Amino acid sequence: MRAARRTDRRHALCLIFARDFQPDSPMDLDYYSEWLAWEVADLGFSEPDYVRRIYDGVFVNLEKIDRIINKTAVDWDLHRIDKIDLAIMRLAIFEILHEKDIEAAVAINEAVDIAKEFSGEEAGKFVNGILEGVRRKAAAQAERRKKSES
């Protein structure tokens with residue numbers, strides 16, 4: 001399952017990365033979901049719903065995710081961050097915040113490994129630093145919510 005999920009995560013990453021090069025194309029999620037469903041079935045992904053959910057989820061939450069990156073990546077503008085590293089962080093942040101069946105540590109480890117593979121050792125360190133900051137903030141917010149509900 002883990003190897004299949006990693007492969008599916010890479011496919012979702014490639015779609016997120018490619019979308020960055022088509023900023024003027026329509027963002028009709030129904031259209032992209034239909035296209036993606038056909039592509040996923042054709043490529044034989046192990047978890048097509050996961051790939052679709054990640055892809056759609058990143059773009060539905062893109063402004064929020066990018067604000068989080070901007071706040072966490074002190075002195076870095078989104079335009080200065082390598083596009084593949086940005087796509088990796090967007091995917092991982094969506095997983096950290098919205099995929100309850102994926103532990104934050106797993107999302108971060110996967111993102112770091114993929115960053116090292118696609119972008120190099122330094123990128124892995126950069127991605128890890130940003131995502132650890134996001135994880136800490138998300139955990140602190142969850143703790144505050146839990147205390148206020150008690």
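**Exercise 1.** Is aspartate 66 buried or exposed?

*Solution.* Keep in mind that this is a predicted model.
- Start with the cut-off: a residue is buried when its relative accessible area is under 20%.
- Aspartate 66 has a relative accessible area of 11%, so it is buried.

**Exercise 2.** Find the salt-bridge partner of aspartate 66 and say which helices the pair ties together.

*Solution.*
- The partner is arginine 90, and the closest N and O atoms of the two are 2.9 Å apart.
- Arginine 90 sits in helix α5 and aspartate 66 in helix α4, so their bridge links parts 24 residues apart in sequence.
- Arginine 90 has 5% relative accessibility, so count it as buried too.
- Besides Asp66, arginine 90 touches residues including Val58, Leu62 and Ile69.

**Exercise 3.** Check whether the length of α5 agrees with what you'd expect for a helix.

*Solution.*
- With 1.5 Å a residue, the 16 residues of α5 should span 22 Å.
- The C-alpha atoms at its ends are 22 Å apart, so the two values agree.
- While you're there, look at the covering: 13 of the 16 residues in α5 are buried.

**Exercise 4.** Work out what the salt bridge between arginine 6 and glutamate 110 ties together.

*Solution.*
- The closest N and O atoms of this pair are 2.8 Å apart.
- Arginine 6 belongs to helix α1 and glutamate 110 to helix α6, so the bridge joins parts 104 residues apart in sequence.
- Glutamate 110 counts as buried because its relative accessibility is 1%.

Methods:
Residues numbered from 1 in each chain as written. Predicted model: local features only at pLDDT ≥ 70, side-chain atom pairs only at ≥ 80, totals over all residues. Heavy atoms only, no water. Contact = heavy atoms within 4.5 Å. Helix = DSSP H or I, 4+ residues; strand = E, 2+ residues; numbered from the N terminus. Expected span 1.5 Å × (residues − 1). Buried < 20%, exposed > 50% of the residue type's maximum accessible area, 1.4 Å probe, protein only. Salt bridge = Lys/Arg side-chain N within 4 Å of Asp/Glu carboxyl O. Lists of a residue's contacts leave out its neighbours within four places in sequence.
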